[in-house]
Structures are given as C-alpha cells and as structure tokens.
Amino acid sequence: MPQLVTFHLKQLRCIVESDSRGGSEPYLWVTYFIVDGRNITQAEPVSTLTPVYDAFRKEFPDDVRDGQVMNVPPFIANFSAQIDPGPLNFMLAGCVVVLLEEDDSPDKAMRAGRNAYATGIHQELNNLIKERIQTQNREQVTQAEIDAIHDAVEPKIRSAVRSNLTFRQQIFGNQDDVLGFAHVAFIGDEIQTKDFEFPELADSGRSNRFVLSGSLTVGPVPSPPVDRCATFRAAVQAKRDEIKGLQSLRAGLQLQLQTAAPQAKAAIVQQITQVGAQIAQAEEELRQREARLKFCEGGVLDPG
C-alpha cells in the first residue's frame with residue numbers, strides 16, 4: 001500500500017568555523033531521492049528533486065560563528081512523495097546535502113554549478129541503485145558508495161563553475177568552497193517516522209564543521225479532496241467547449257464567404273446568422289451555468 005513520506009530539514013548547527021573575514025557564510029544544496037518499488041524496472045528507478053531557487057545563497061545568514069544554530073530556509077526544507085514497496089518489496093527514501101561556503105563566486109557561476117550538481121547526482125544515484133537492483137543488495141547505502149558519487153560529481157561542479165568565470169576571476173578570485181557532502185538513506189522497514197542527523201559536514205582539515213538535523217514522517221496517502229461542485233464545473237466547461245466550436249464554425253463560414261460564388265453567398269450569410277444566434281444563446285446559457293457554479297463554490301450545494 002502506498003505511503004506518504006515527508007522530509008523536513010530543521011536546523012544547521014555550526015560546531016566550528018575558520019573564516020578569517022569575520023565569520024562563515026554557509027549555504028546548502030539539497031537533493032531528495034526516492035525509489036518506489038512500483039517503478040523499479042524503469043530505466044531510471046530513482047526519482048530526485050534538487051530544489052531550484054536562484055537566490056539560494058541569500059537565504060542563509062552571514063557571519064556565522066561557532067555554536068550558532070540556523071533554521072533551514074523553507075525553499076529547501078520540505079519534500080513529500082508517495083512510495084510503495086511494489087512487487088519486489090523494495091523502496092528507499094533519502095536526502096543528499098552539500099555544504100558550501102560563500103566567497104566571491106558570481107551568482108551565475110554558482111547557479112551553473114548547482115545545475116551541474118543536480119544533473120550529476122541524479123545520474124550517479126541511478127547508477128548506484130541499478131547496480132544494487134541487479135545484485136539484489138538491500139543493505140544500507142555505505143559511505144564508500146556516497147564517496148564514489150561525490151568523486152564523480154564534484155569535478156562536474158568545478159568545471160561548470162569555472163566555465164562561468166572570467167580569466168581574472170579564475171586566477172585571482174576567492175571562489176566558493178565545498179565544505180562537506182553527506183546523506184541519509186532509509187531502506188524498506190527503516191522508512192519510519194523519526195528524527196535524524198546527517199553525518200557531520202566538514203572540510204578535509206576539519207576546520208569547518210557543521211551538523212544538519214531533520215525529520216522523516218511516514219503516513220497514509222491522503223484521499224484526494226472531493227469536488228462537490230464537479231458537476232457544475234463540468235457543465236461550465238462543456239458549454240465553453242460548445243461556444244468555442246461554434247466560433248470556429250462561424251470563422252470557417254466567414255472565410256468561405258470571401259471566395260464563394262455570388263449565387264452561394266446568400267445561403268452562407270444565412271448560416272453565419274444562424275450560428276451567431278446559437279453562439280448568443282450558448283453564451284447566455286454559459287452565464288447561467290457560471291452563476292450556478294459560483295453559488296456552489298459559495299456553499300450553496302444545489303442552486304437549482
């Protein structure tokens with residue numbers, strides 16, 4: 001039976017930072033991913049979402065100090081999807097995060113890097129899961145597998161960023177840095193309502209260390225809302241379609257009139273007049289149907 005899984009990223013906590021210019025300026029790229037067992041035989045069994053928001057660096061605070069706690073901006077904090085084990089009893093839900101430090105890279109360059117990251121992480125996650133499907137490996141995703149994905153994706157990010165820098169920026173600029181790369185992944189029965197923390201996000205020298213927290217909520221798929229005005233809505237649409245058809249008919253007759261033989265023009269004019277009357281009547285009926293729909297939407301269930 002399908003379930004609704006919802007990720008919520010809560011807080012990013014700075015354990016220690018090393019920016020010499022007055023505090024750190026961290027920001028995140030986030031990719032949510034799921035494997036729905038019903039889609040496991042597809043060419044790309046992993047569905048991913050990397051939120052696209054061009055002002056992604058501006059939503060995070062500047063001058064972050066040791067011990068400071070930041071709320072994760074709403075534009076990347078939440079993700080929901082349906083998931084089902086399917087006939088092979090396999091499903092997976094997870095999240096990858098990249099922690100970066102804002103320096104002097106232009107927005108254009110970092111947007112290109114984010115786009116390259118989104119494409120690369122989608123490809124690499126699908127490569128990983130397709131291999132696991134072939135070997136029927138249901139074990140937890142390992143750090144070695146994530147490190148391999150990181151090693152495959154990071155050069156694509158750097159290349160995309162570099163291609164959007166001027167020569168001077170490449171040589172003399174202080175470019176944004178990737179500080180950390182971490183993930184959480186839950187397979188099968190591990191997909192339960194829980195709070196969690198990502199592995200520590202840190203650079204190679206561990207002079208910048210951050211911890212990101214979040215939660216996973218699992219529940220039934222909500223029933224679609226009942227449209228109690230569906231009948232009135234359908235009647236309105238049907239009449240609009242009818243009017244559109246009549247208007248097309250009249251336009252065709254008007255074109256036909258331009259090239260018709262003189263002896264045929266009177267009959268065509270009569271047809272145009274008749275169609276015009278039908279359009280006028282249909283438009284009046286449309287106004288009545290729209291009024292009924294408005295009553296229904298206002299709470300009158302059967303306006304008559």
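The buried residues of helix 5 are F232, V236, K239, I243, L246 and L253, where buried stands for under 20% relative accessible area, with exposed over 50% and partly exposed in between (1.4 Å probe, protein chains only). The model is predicted, so that local features need pLDDT of at least 70 and side-chain atom pairs count only at pLDDT 80 or more, while totals for chains, interfaces and linings use all residues. Residues are numbered from 1 along each chain as its sequence is written, and side-chain values use heavy atoms, with hydrogens and water left out.

**Helix 5**
- Helices (H or I, at least four residues) and strands (E, at least two) are DSSP runs, numbered from the N terminus.

- Four strands form an open sheet in the order 3-2-6-7, with antiparallel pairing, two strands being paired if DSSP finds at least two bridges between them.
- Strand 3 (46-49) and strand 7 (177-187) are the edge strands, each pairing on one side only.
- Strand 2 (residues 26-35) and strand 6 (residues 92-101) run antiparallel and are joined by 10 bridges, and L28 stands opposite L99 in strand 6.

**Helices on the sheet**
- Helix 2 (residues 107-135) packs on the sheet, touching strand 2, strand 3, strand 6 and strand 7, and its direction makes about 30° with that of strand 2; axes are lines fitted to C-alpha atoms, for helices over the stretch in contact, and angles run from 0 to 180 degrees between N-to-C directions.
- Helix 3 (residues 143-162) lies across strand 2 and strand 7, running at about 140° to strand 7.

Definitions and conventions. Contact means heavy atoms within 4.5 Å.
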